[in-house]
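Try each task before you read on.

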Amino acid sequence: MESNSIVMQIVQQCVNGIMLGSIYALLALGYTMVYGIIRLINFAHGDIFMVGAYVCFFAITTFHLPFFAALIVAMILSAALGVLIEKIAYKPLRNAPRIAVLISAIGVSLLLEYGGVALLTAQPRFFPPALGEVIFDIGGIIINGPQIIILAVSVVLMIALTYVIKFTTVGKAMRAVSFDAEAASLMGINPNRIISATFAIGSALAAAAGGLIGAYYNSIDPLMGVMPGIKAFVAAVLGGIGIMPGAMLGGVILGVVESFVSGFWSSTYRDVVAFAILIIILIVKPAGLLGKYRGEKV
Amino acid sequence: MKSKKLICLVAVVAMLTSLLSGCGQQSANDSNVIKIGVNMEMTGGAATYGTAAVDGLKLAVKEVNAKGGINGKKVELVIVDNKSDAAESTNAITKLITDDKVCAVFGPATTSAVLAEIQVSEDNKVPILAPLATGAIVTVDKGAVRPFAFRACFIDPFQGKVLAEFLKKDLAVKNVAMLVDNSSDYSKGIAAVITEDLAKSGVTVVANEAYLQKDQDFKATLTKIKAKNPQALVVPGYAEEAAKIVKQARELGITCPIVGADGWDSPILVEVAGAKNMNNTYFTNHYSSQDPDPAVRKFVEDFKAEYNGKEPSFAAAISYDGAYLLFDAIKRAGSADPEKITAALANTKDLQLMMGKLSMDANHNPLKSAVIIEYKDGKQSMKTKIQPN
């Protein structure tokens with residue numbers, strides 16, 4: 001088939017979109033999990049993603065760890081950072097109005113971004129292509145090796161996470177706290193512990209995404225988390241915030257839509273469409289594609 | 001009461017200062033040297049450019065003094081550090097003009113720091129020569145030429161002309177695709193000039209696409225561009241995004257030449273895109289240290305000898321030529337009178353400098369040669385030099 005035919009273009013744009021979407025999905029998982037447990041939109045999530053990328057970078061370049069070992073180090077350290085942030089910035093506001101916690105989250109986000117600029121300079125750094133540089137050309141459709149790894153890791157993490165939440169004691173406790181923190185504490189669950197665990201897992205996921213994306217695009221900088229963070233948030237809302245498969249679905253849909261807008265209309269309208277989707281979803285189906293609307297608990 | 005005392009004190013100090021500077025003026029007029037003020041970013045964020053510029057300038061001054069100076073007078077530099085800060089830049093030029101009585105001010109490096117000194121230079125009618133500031137607003141404000149502001153480098157849109165020339169003559173393309181950084185005036189300005197120049201000579205733009213700074217993924221746009229089969233891809237953006245664009249374009253099988261402007265001049269380009277992917281890519285720049293021209297070779301050797309083998313950066317090279325531009329104006333002015341020097345700077349025509357011929361246009365922007373740099377296996381090499389027409 002002629003490699004530039006419209007059919008080929010559509011298939012290639014689907015591939016581009018699914019790959020881009022799997023990155024959004026990976027980040028959206030962390031957002032949606034934290035929201036699902038404590039009803040907080042953790043705006044610092046995109047910046048923990050950045051911290052994870054930097055930890056991974058230094059583990060590889062300074063300490064010469066292999067990539068996946070570096071990724072695990074980054075996940076552990078970022079998990080600790082996530083727990084610390086929760087203890088300092090969110091826990092004292094547990095009984096404050098929700099807007100106060102949200103503002104605190106934005107503050108943490110800015111602190112990480114510009115603290116990063118101050119410590120590490122705004123200059124982008126070169127991240128070695130640790131995922132290899134294999135390219136598959138299937139009848140003119142081009143797929144990268146690293147893209148497949150990212151997609152696979154996203155799917156595996158999503159399944160693991162669903163398992164943890166559905167079938168383990170911690171997961172059951174998480175759902176209990178999410179349902180009613182006070183009743184859960186009467187049943188002998190320590191909500192603070194469970195919330196810490198939630199932040200630890202969410203932050204570890206963000207760090208994994210950071211390391212993978214650093215290795216895929218080969219450059220990292222302190223503001224790298226801003227745009228993906230916002231897009232992942234859109235993806236999480238699109239799929240239904242608080243719902244694991246929703247994050248995955250939302251991410252992939254957003255990625256494909258962006259690719260089609262850039263590919264068949266104009267790249268200038270890509271972000272316009274992405275955010276228009278957010279607004280439309282919030283108006284038409286506030287609970288997201290997979291969400292069921294539940295009245296606010298009183 | 002306390003505040004009144006303070007006001008008195010300030011007034012007294014101010015009077016004393018003006019008296020002192022009055023004394024300074026007399027001695028300056030008597031002296032047998034030409035004092036050039038240097039307001040430069042010696043520390044702070046832009047110090048890389050500032051210190052390199054001063055290196056180039058000092059070498060030029062050393063050479064001219066060794067040959068007996070200008071009109072029999074030695075050149076003396078008075079260097080003030082503006083700490084890469086706009087407010088400090090204003091203070092620096094005020095000191096240079098009122099205390100040191102310089103006849104012209106060289107610098108600063110960045111556009112914002114230059115803008116901060118223009119008012120003082122106009123009030124005192126002392127010319128400024130900015131070696132590296134590329135913002136159009138440095139010499140032209142709201143359509144009016146600033147009478148005392150000049151620069152020694154070409155401005156960004158000029159690179160569009162050079163690139164259009166290169167695409168037509170050297171690459172001989174019939175059509176191009178444009179991929180422009182929509183969040184940067186620099187990128188949009190260059191793209192507008194290229195599009196205009198190419199249209200005049202019948203080269204068509206088959207795709208006109210845009211991206212934003214910090215974008216990571218360009219595959220959707222590049223897939224669209226690939227389908228149009230352009231003979232060249234023009235990416236007049238900064239290195240961080242250009243690197244990812246080149247890499248992803250090559251991965252998608254876009255093999256045509258990819259060209260850009262001086263925003264590409266960063267090691268991150270080859271690191272991120274990979275040496276192999278960078279083959280068949282070109283960008284414009286002010287200068288290449290590999291230029292085989294004898295004048296450039298001599299400058300590179302002299303510079304290395306002066307600074308322990310350090311390779312001269314483009315900032316040092318432009319400042320070196322900028323210094324000779326100023327020397328020439330002072331020489332033609334026949335005196336160290338700032339207003340005569342201003343008139344002479346504006347009338348510079350076909351001045352032979354290290355990098356080539358330079359003429360000052362009506363907007364106080366120099367018309368000078370530019371070089372095209374090619375990436376070959378991850379190394380920069382000079383492809384060609386393009387003279388303005």
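**Exercise 1.** Work out which residues of α10(B) are exposed and which are buried.

*Solution.* Start with the exposed side: B:Pro294, B:Lys298, B:Glu301 and B:Ala305 of α10(B) are exposed. The buried residues of α10(B) are B:Val296, B:Phe299 and B:Phe303. The cut-offs: buried takes 20 or more other C-beta atoms within 10 Å of a residue's own, exposed takes 12 or fewer, partly exposed is what lies in between, and C-beta atoms are placed from the backbone. Helices (H or I, at least four residues) and strands (E, at least two) are DSSP runs, numbered from the N terminus.

Before going on, some housekeeping. This is a predicted model, in which local features need pLDDT of at least 70 and side-chain atom pairs count only at pLDDT 80 or more, while totals for chains, interfaces and linings use all residues. Residues are numbered from 1 along each chain as its sequence is written, with chains lettered from A and ligands numbered from 1 in the order in which they are written.

**Exercise 2.** Explain why the buried residues of α10(B) line one face of the helix, then check the helix's span.

*Solution.* Look down the axis of α10(B): the buried residues fall within an arc of 60 degrees, so they line one face. That arc is taken over the directions from the helix axis to the C-beta atoms. As a reminder, an α-helix has 3.6 residues a turn, so residues three or four places apart point the same way.

Now the span. The expected span is 1.5 Å times one less than the number of residues.

Just after the helix, B:Asn308 has a positive phi of about 50 degrees.

**Exercise 3.** Find the strand order in the open sheet of three strands in chain B.

*Solution.* The order is β13-β14-β15 (chain B), with antiparallel pairing. Strands count as paired if DSSP finds at least two bridges between them. At the edges sit β13 (351-352) and β15 (366-367) of chain B, each pairing on one side only. Zoom in on one pair: β13(B) and β14(B) (residues 357-360) are joined in the antiparallel sense by two bridges, and B:Leu351 has B:Leu358 in β14(B) as its bridge partner.

**Exercise 4.** Describe the side of chain B that touches chain A.

*Solution.* Count first: 23 residues of chain B are in contact with 22 residues of chain A, contact being C-beta atoms, placed from the backbone, within 7 Å. Next, the elements of chain B giving two or more residues to this side are β9 (204-211), α7 (219-227), α8 (239-251) and α9 (268-273). The most come from α7(B), with seven residues. By class, this side of chain B has seven nonpolar, six polar and ten charged residues. Nonpolar here covers Ala, Val, Leu, Ile, Met, Phe, Trp, Tyr, Cys and Pro; charged covers Asp, Glu, Lys and Arg; the others, Gly among them, are polar.

How values were computed:
Two residues are in contact if their C-beta atoms, placed from the backbone, lie within 7 Å.
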